[in-house]
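Here is a short report on one structure. Look at the sequence and the model first, then read on.

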Amino acid sequence: MHLAAANLAARRGEDLIFEGVSFRLESGEALVLTGKNGSGKSTLLRVVAGLLHQERGSVSFTDAQGNTLRRVGEISHYLGHRNAMKSELTVAENLDFWRRFLGQTHTAVSIDEAAEAVGLGGITHLPFGYLSAGQQRRFAFAKLLITYRPVWILDEPTAALDASGDHLFAELVEAHRRKGGIVLAATHQPLGLAEAQELRMAGFSHSGPGVWE
Ligand SMILES: Nc1ncnc2c1ncn2[C@@H]1O[C@H](COP(=O)(O)OP(=O)(O)OP(=O)(O)O)[C@@H](O)[C@H]1O
């Protein structure tokens, strides 16, 4: 199983944000995107997730049987800057929506188990909007657990977390990797992942002549 990107370029509006980005992640591997604000980390994640069209290049996922899929979003969890939860619904209602939307799999855990896994068992009856920013982010991680997807695409996943949340996040990601999962994450802070590769996004200012033409 592997996730591959070849010679990717992406444009936002009129501007080419990056070009020539390639990587290959095998089962259990993680790639961390770093770089200054505006360097294109979120853009690359969104291209891989299929939420933005690339200007050039390709993204593909090949499963353990050797079948190759171009629509990587179909086998990925995407966690953006926002948590994709409705404030007025309870945590349980939000997670139940996502479980039905994403489709249940035999390897998924229950909503209560997912809440326990993120250290917040017993409060899934509360409206999502009542929770603190860190609690909301933890429940966004719970979404990654209720349906199995081999690829996790995470945009600044630990931004709102305290130290124990950071540790918990690292444990969840490492457990996913031990099961063969692949992780692609953008971050400004260390994520505590073992042997993660790093791709430093340079942004357009380092992309060389001709990029703006
Ligand atoms: N919808 C949009 N239309 C036009 N330009 C955009 C749009 N979204 C982002 N950009 C531009 O694309 C560039 C890359 O943005 P992106 O969000 O990918 O950067 P980033 O590395 O994730 O930044 P940060 O670290 O601040 O999250 C920035 O210059 C940004 O202004």
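I153 stands opposite L184 in β8. This is a predicted model: local features need pLDDT of at least 70, side-chain atom pairs count only at pLDDT 80 or more, and totals for chains, interfaces and linings use all residues. Residues are numbered from 1 along each chain as its sequence is written.

Strands β7 and β8 run parallel and are joined by five bridges. Strands (E, at least two residues) and helices (H or I, at least four) are DSSP runs, numbered from the N terminus. Two strands pair if DSSP finds at least two bridges between them.

Five strands build an open, parallel sheet in the order β6-β7-β8-β3-β9. Its edge strands, β6 and β9, each pair on one side only.

| Strand | Residues |
|---|---|
| β6 | 76–79 |
| β7 | 151–155 |
| β8 | 182–186 |
| β9 | 197–200 |

Helix α1 (residues 41–48) packs on the sheet and touches β3, β7 and β8. Contact means C-beta atoms, placed from the backbone, within 7 Å.

V48 is in contact with A5, V59, V72, I153 and L184, leaving aside neighbours within four places in sequence.

The ligand has 13 residues around it; R12, G13, N37, S42 and T43 come nearest. Near means a C-beta atom, placed from the backbone, within 6 Å of the molecule or strand. Helix α1 gives the largest share of this shell, three residues.

Methods
Contact = placed C-beta atoms within 7 Å. Axes fitted to C-alpha atoms, helices over the stretch in contact; angles between N-to-C directions.
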